[in-house]
Amino acid sequence: MRMRSAADMPERASLRDRSASSHHSRRRRARVRPPGRWRPIRVVLAESNPDVRRHMRALLDGAGRGDFEVVAEAASTESARRFAHAHRPCVLVLDLGLPGGSSLDAIPVIRGESPQTHIVALVTPRQGASVCDALRAGATGYVLEECAHEALADAVRCAAAGHGYLTPFSGAHA
């Protein structure tokens, strides 16, 4: 992943502005999102804290340019399972610390009931050991809660495409 500095941003923005007005750019954008065939990534957010859920929704709404549609929000493991079954989202962002049963035990159940749903586990540094268990259970990837503001949209996009996404644990978290 390429690190960007603040000095890169104004130049990139001006290049984007110039290319957005060109005819070639419009054709290229049309190939990426052909009319009638493009749909937003349907997401269920499962997090017990309503403030964190609201923040995650705002992150996806702000980062997505219409790429994401949050179809439901769950506050427990059981409601996450029900919403995944009822809404058939492309991605379920699942907090491993949800009340109402083990989130780890729910992952294979959700994948069995809704096989097209990819699961991104949301973990705290203290749950580091649970990451391997979540991946073994069928999660597509994981994001550290403290890195969600930077990584959530990318993790959801990767999971929707069927690719794994792993937030690195730094030495401070181990």
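A crossover is right-handed if, with the strands pointing away from the viewer, the path from the first strand over the helix to the second runs clockwise. Helices (H or I, at least four residues) and strands (E, at least two) are DSSP runs, numbered from the N terminus.

I noted the origin of the values: this is a predicted model, local features need pLDDT of at least 70, side-chain atom pairs count only at pLDDT 80 or more, and totals for chains, interfaces and linings use all residues. Residues are numbered from 1 along each chain as its sequence is written, and side-chain values use heavy atoms, without hydrogens and water.

I then checked the pairing, for which DSSP must find at least two bridges between two strands. β5 runs parallel to β6 (residues 165-166), joined by two bridges, and G141 stands opposite Y165. With β4 (residues 118-123), β5 pairs in the parallel sense over four bridges; here V123 is opposite L144. The unit of β4, helix α6 (residues 128-137) and β5 is right-handed.

Next I looked up burial (under 20% relative accessible area, 1.4 Å probe, protein chains only). In β5 (residues 141-144), G141 and V143 on one side and Y142 and L144 on the other are all buried.

Last, I picked H118, in β4. H118 counts as buried because its relative accessibility is 18%. Beyond neighbours within four places in sequence, the contacts of H118 (heavy atoms within 4.5 Å) include C90, R111, T140 and G162.

How values were computed
Buried < 20%, exposed > 50% of the residue type's maximum accessible area, 1.4 Å probe, protein only.
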